[in-house]
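Good morning, and thank you for the time on today's agenda. I would ask you to look at the structure on the screen while I go through it.

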Amino acid sequence: MGDVLLQNLWFHQVQSVVIENVVPDGELVAVRARAVAERAVRPACGTLSSRVHSRYVRRLADSSVGGRPVLIELQVRRFRCGQRLCRQATFAEQVDGLTVRHGRRSAGLQTVLERVAVMLAGRAGARLSQTLAVGVSRSTLLRLIRRLPEPETSTPRVLGVDDFALRKGHKYGTILIDIETRQPIDLLPDRTTSTVARWIADHPGIEVICRDRSTAYAEAGRLGAPNAIHVADRWQIWSNLAEAVEKTVVQHRALLCEPHDAATAQAVADTENTNLDLPSPRGPRTTGRLSDRVRQQHAAVHALLEQGIGLRAIARQQGLARNTVRRFANAASADELLVGRWTGRASILDPYKPYLHQRWTEGCTIARRLFEEVRERGYPGGENVVKVYVAKLRENFPHDPPRKAPSVRNVTSWLTRHPDRLTEGQTQQLKAILARCPALDRTAHHVRTFAELMNNRQGRDLNQWIPSVQADDLPALHTFVTGLGQDLDAVVAGLSLCYSSGAVEGQNNKIKMLKRQMFGRANFDLLRKRVLLTARCRS
């Protein structure tokens with residue numbers, strides 16, 4: 001019973017092999033078996049032979065069991081060839097579904113590794129093979145891909161054509177997609193007209209070609225399939241329109257900012273006409289340790305002066321500097337010494353206060369930035385003086401920052417986005433901008449009309465939209481319309497038919513991922529084979 005179970009576990013798809021025993025050997029599981037076919041066929045001449053010459057043991061790695069690697073020790077035979085004229089007198093038997101000539105893996109394990117190589121390749125596949133306890137290197141996996149047979153290519157009815165980067169900025173290839181199945185059909189090593197036209201001509205039966213608006217692919221389609229319908233990519237058409245809208249917004253960038261209203265002007269005037277310097281005390285100090293000490297020293301100095309003692313002797317006796325004694329002697333009363341010395345003096349920041357007021361009303365409230373700006377204008381003082389004055393501004397004029405002008409990119413996005421996808425704030429800002437700028441208002445009208453035309457598949461109405469744009473003074477949109485006229489039939493078809501090149505963009509992203517997995521070790525042929533094999537496996 002146990003032998004039957006083991007036979008079904010390992011060799012249920014293999015005939016003429018008998019398991020003798022299974023021996024766990026540490027981390028390894030050894031499966032000892034032998035081939036029992038009565039005859040074997042020599043591959044070179046097809047001769048059947050039953051004459052056994054000798055026996056030997058082949059060791060084949062197999063799929064792991066319970067996380068432990070498996071080694072099949074298979075006893076096979078060498079047979080004598082019955083053809084006298086045959087150059088090879090003996091040959092080794094091969095077990096269908098288990099062995100291949102010179103192979104060191106079982107056919108089942110080879111199939112598993114080939115699937116891992118196609119789907120992951122490189123380092124990712126090598127890490128997965130370690131988890132499966134049949135570790136192989138990334139180079140081995142790439143070699144397995146190279147040995148796989150070349151996948152067959154079919155001829156689609158609707159062909160998608162686009163380029164992809166083999167080396168970004170330097171070398172590009174062409175990817176061909178079956179738009180109906182959304183699967184890649186072939187990869188071409190470049191994007192020249194002759195290469196693409198030759199492939200299309202070699203695959204007759206193409207009725208529709210979905211492409212971008214490059215002249216190379218347009219000419220290749222006309223040469224390879226003269227009767228095919230060309231469909232321009234809607235995404236690229238809309239992208240070109242967005243670029244034209246962005247150029248128009250740049251031309252009217254000055255009108256994006258909200259104008260200053262009367263309240264803002266009044267706030268500027270109030271800030272400039274206000275003196276924020278703290279008033280200095282008018283009278284002398286009357287309390288405190290400093291006041292008491294000054295009054296005592298002033299009285300002592302004048303008492304000694306009345307006795308006829310000189311200033312030098314008074315300085316030695318009181319432990320004071322001679323200049324301090326002289327200042328006490330010249331003051332009629334101690335109150336003269338206790339009045340603030342800096343009362344009424346100008347600040348080194350005074351010449352720069354109008355600029356600080358202006359920047360404050362413009363919304364700049366960061367003391368460090370204001371200090372750097374006035375220093376560039378010649379301010380010789382330190383940062384702390386500016387910080388103190390900014391604190392006074394912040395206390396007396398709490399700042400309500402003005403709304404920042406939207407960027408060109410934001411306005412372009414609002415103009416080319418569906419109105420239902422705008423927030424209430426964005427809608428209000430866009431409405432105010434269009435009210436200030438008639439050119440952008442007309443641009444928004446043309447964009448909405450084109451969007452309705454594209455979404456409703458009304459490409460036939462494009463001939464009415466183009467004259468309406470040409471009637472307005474919008475140079476960027478005029479350039480866009482001129483570009484549409486150069487490939488008008490394909491644009492009309494792209495805006496009318498249901499076909500789209502969206503699947504091509506998705507395959508471009510997959511190619512980027514496959515290239516990253518192979519870490520620069522893939523040439524074009526290997527990349528092409530893996531892309532096509534991956535598509536077959538997923539389908």
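How many helices and strands does the protein have? There are 23 helices and 12 strands. Please bear in mind throughout that this is a predicted model. Of the 539 residues, 39% count as buried. Turning to the contacts between residues at least 6 apart in sequence, 59% of them join residues at least 24 apart.

I begin with helix packing.

Which residues meet here? On the helix 9 side they are A300, V301, L304 and L305, and on the helix 10 side L311, I314, Q317 and Q318. Sorted by class, this contact has 6 nonpolar residues, 2 polar ones and no charged ones.

The next pair is helix 13, spanning residues 353-361, and helix 14, spanning residues 367-376. Here the axes come within 11 Å, with a crossing angle of roughly 140°. These two helices are therefore also described as oblique to each other. The crossing of helix 13 and helix 14 is right-handed. Helix 13 contributes Y355, L356 and R359 to the contact, while helix 14 contributes L370, E373 and V374. By class, the contact of helix 13 with helix 14 divides into 4 nonpolar residues, no polar ones and 2 charged ones.

The last pair consists of helix 19, residues 462-470, and helix 20, residues 475-486. The two axes come within 9 Å and cross at roughly 150°. What is the handedness of the crossing of helix 19 and helix 20? The crossing is left-handed. W465, I466, V469 and Q470 of helix 19 meet L477, H478, F480, V481 and L484 of helix 20. In this contact there are 7 nonpolar residues, 2 polar residues and no charged residues.

Let me move to the cysteines. A disulfide is a covalent bond between the sulfur atoms of two cysteines. How many disulfides does a search of the whole structure find? The search finds 0. Take C210, which is in no disulfide: the nearest cysteine sulfur belongs to C498 and is 8.8 Å away. The cut-off for a disulfide is a sulfur pair within 2.5 Å. For C498, likewise in no disulfide, the nearest cysteine sulfur is that of C210, at 8.8 Å. Is each of these two cysteines buried or exposed? C210 is buried, because its relative accessible area is 0%, whereas C498 counts as exposed, because its relative accessibility is 57%.

A further cysteine, C45, sits in the loop between strand 3 (40-41) and strand 4 (48-49). With a relative accessible area of 37%, C45 is partly exposed. Leaving aside neighbours within four places in sequence, C45 is in contact with C81 and Q83.

Now to a residue in a strand. L176 is found in strand 9, residues 171-178. It is buried, because its relative accessible area is 0%. Which residues does L176 touch, not counting those up to four places away in sequence? They are L159, G160, V161, Q183, P184, I185, D186, L188 and W199. L176 and P156 are 20 residues apart in sequence, and their C-alpha atoms are 9.7 Å apart in space.

I close with backbone torsions. Most residues other than glycine have a negative phi. Which value does phi take at A133? It is near 65°, a positive value in a residue other than glycine. A133 lies in the loop between helix 3 (122-131) and helix 4 (138-147), and it is partly exposed, with a relative accessible area of 21%. R457 has a phi near 55°, again a positive value in a residue other than glycine. The place of R457 is in the loop between helix 18 (438-455) and helix 19. Its relative accessible area is 31%, so R457 counts as partly exposed.

Conventions
Residues numbered from 1 in each chain as written. Predicted model: local features only at pLDDT ≥ 70, side-chain atom pairs only at ≥ 80, totals over all residues. Heavy atoms only, no water. Buried < 20%, exposed > 50% of the residue type's maximum accessible area, 1.4 Å probe, protein only. Axes fitted to C-alpha atoms, helices over the stretch in contact; angles between N-to-C directions. Helix = DSSP H or I, 4+ residues; strand = E, 2+ residues; numbered from the N terminus. Left-handed = near helix turned anticlockwise from the far one by under 90°. Contact = heavy atoms within 4.5 Å. Nonpolar A, V, L, I, M, F, W, Y, C, P; charged D, E, K, R; others polar. Parallel < 35°, antiparallel > 145°, perpendicular 65-115°, else oblique.
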